[in-house]
Amino acid sequence: MSRTLLLIALLCSSSNLLATSLSTPAVGEVRVGRIARIKASLRSDPRNRSDLKKGIAGFYDRSSKLWEEVWGEHMHHGYYDPPDRTDHTQAQVDMIDKLLSFSGVVGEGVEKAVDVGCGIGGSSRHIVRKYGCKARGVTLSPYQANRGNELAKEQGIADKASFQVADALDMPFDDDSFDLVWSLESGEHMPDKQKFVSELARVAKKGSTIILCTWVHRDLEEGEELTKKEVKLLRKINRAYYLPDWCSSKDYQQILASRDDVDISTMKVDDWSYVIAPFWKAVIKSSLNLRSVIGLLKSGFSTIRGAYAMGLMLRGFNVGLIKFGVITVKMKE
Ligand code: SAH
């Protein structure tokens with residue numbers, strides 16, 4: 001996710017900023033009332049799976065245009081090394097390249113890639129250009145699928161990159177279809193992590209690579225549970241960003257290790273929370289302009305709430321509860 005969340009969030013990532021933008025004389029008390037509504041909605045929001053899916057689709061339908069206008073075609077964190085770099089779009093592209101090189105993917109043998117939770121297809125198009133391969137992407141948002149296809153056409157690669165609305169938990173692809181299975185900041189939206197991983201593995205060819213980069217909570221010791229305070233914070237984030245319960249990187253590793261079809265000796269994991277940390281500040285700094293704030297206000301309640309909740313994400317990272325998990329593995333030959 002997500003990171004529409006990000007920028008949107010950035011636009012008003014402090015509640016003070018949000019309060020300021022929402023309490024302009026033009027709208028006055030109505031907007032102050034909206035903050036109370038946002039806070040109330042973060043406290044109670046019983047969501048079942050079908051509501052979650054509709055919520056995700058609607059959230060990205062409404063917020064993706066604004067994100068793209070302010071931040072471009074990549075809806076994910078940048079790779080901030082060195083931490084003070086200011087070329088933000090390149091930092092996002094570097095994130096893709098770093099994930100590929102961390103996973104040992106050099107392009108040889110990559111003819112078909114799948115982008116699971118593709119946003120408007122920024123990763124897919126980059127990978128298509130980098131390796132000369134084909135890519136398919138799935139998203140729950142009709143707006144994103146259309147926009148992804150439009151951009152592929154504009155960039156002259158419509159014959160190689162295409163996007164469609166489909167559920168990552170039930171992908172419309174045959175078994176053993178792809179040489180590279182890519183999921184960047186979408187796993188956190190998946191309500192059934194086991195099924196999610198099994199879909200990634202099902203569509204992956206023998207010997208292919210799965211790259212999973214996702215928001216996770218901290219690893220837990222045997223028998224340990226998240227504290228009540230931690231659970232409360234994650235639940236608020238879930239309501240704002242249409243997320244189900246979280247898991248840890250270790251949970252993903254265990255799911256992968258329990259499968260017969262993955263070559264667990266090739267699994268590599270890392271925590272890249274430190275390389276994305278400067279992203280938030282950078283986004284806030286680069287995005288606070290009148291156009292962004294007006295766009296945010298026009299995007300509606302869920303987008304504004306997403307922005308409001310950015311502070312919660314920051315808190316989660318700062319206290320070590322939220323991690324930016326990287327997990328990669330190859331399928332057995
Ligand atoms: N990976 C993209 C977008 C990240 S935003 C990028 O880095 O630019 C999260 C994406 O996950 C959105 O496109 C959203 O529609 C998608 N998503 C969330 N749940 C999904 C599901 N069950 N099936 C397919 N896509 C899903």
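These legends go with a set of close-up views of a predicted model.

**View 1. Glu 73 and Arg 125 pair up across the chain.** Glu 73 and Arg 125 form a salt bridge, with 2.6 Å between the closest N and O atoms. The two partners come from distant parts of the chain, 52 residues apart: Glu 73 sits in the loop between α4 (49-71) and α5 (88-102), and Arg 125 belongs to helix α6. That helix covers residues 122-131. Is Arg 125 buried or exposed? Arg 125 counts as buried, because its relative accessible area is 0%, under the 20% cut-off. Glu 73, at 21%, is partly exposed. The contact also shows up as a polar one between the two side chains, again at 2.6 Å. As a general point, side chains of opposite charge can pair when their charged atoms come close.

View 2. What about their accessibility? Glu 199 is buried at 3% relative accessibility, while Arg 202 is partly exposed at 23%.

**View 3. Arg 218 with two glutamates.** Look for Arg 218 in this one: its side chain forms a salt bridge with that of Glu 224, 2.9 Å from N to O. Arg 218 is buried, with a relative accessible area of 16%, and Glu 224 is partly exposed at 31%. Glu 230 comes in as well, its side chain making a polar contact with the side chain of Arg 218 at 2.9 Å. Glu 230 is part of helix α9 and counts as buried, at 14% relative accessibility.

View 4. Which residues form the negative surface patch? They are Asp 219, Glu 221, Glu 222 and Asp 251. Asp 219 has a relative accessible area of 38%, so it is partly exposed.

**View 5. A positive patch on the surface.** This time the charge is positive, and the residues that gather in the patch are Lys 112, Lys 134, Arg 136 and Lys 160. Lys 160 makes a handy landmark: find it in the loop between α7 (142-154) and β3 (161-165). With 30% relative accessibility, Lys 160 counts as partly exposed.

**View 6. The cis peptide bond at Pro 82.** The bond to look at runs from Asp 81 to Pro 82; it is cis, with omega near 5°. Pro 82 is in the loop between α4 and α5. In general, most peptide bonds are trans, and most residues other than glycine have a negative phi.

**View 7. Asp 176 and its positive phi.** Asp 176 isn't a glycine, yet its phi is positive, near 50°. Where does Asp 176 lie? Its place is the loop between β3 and β4 (178-184). Asp 176 is partly exposed, since its relative accessible area is 40%.

**View 8. Tyr 242 and its positive phi.** Tyr 242 is not a glycine either, and its phi is about 60°, a positive value. The loop between α9 and α10 (249-257) is where you'll find Tyr 242. Is Tyr 242 buried or exposed? With a relative accessible area of 10%, Tyr 242 is buried, whereas Asp 176 from the previous view is partly exposed.

How values were computed:
Residues numbered from 1 in each chain as written. Predicted model: local features only at pLDDT ≥ 70, side-chain atom pairs only at ≥ 80, totals over all residues. Heavy atoms only, no water. Patch = residues over 30% accessible without salt bridge, like charges linked within 9 Å, V, L, I, M, F, W, Y side chains within 5 Å. Areas by Shrake-Rupley, 256 points an atom, 1.4 Å probe, with all protein chains shown as cover. Salt bridge = Lys/Arg side-chain N within 4 Å of Asp/Glu carboxyl O. Lys, Arg positive; Asp, Glu negative; His and termini not counted. Charge placed at Lys NZ, Arg CZ, Asp CG, Glu CD. Buried < 20%, exposed > 50% of the residue type's maximum accessible area, 1.4 Å probe, protein only. Helix = DSSP H or I, 4+ residues; strand = E, 2+ residues; numbered from the N terminus. Polar contact = N/O pair within 3.5 Å; in protein donor to acceptor, adjacent residues only side chain to side chain.
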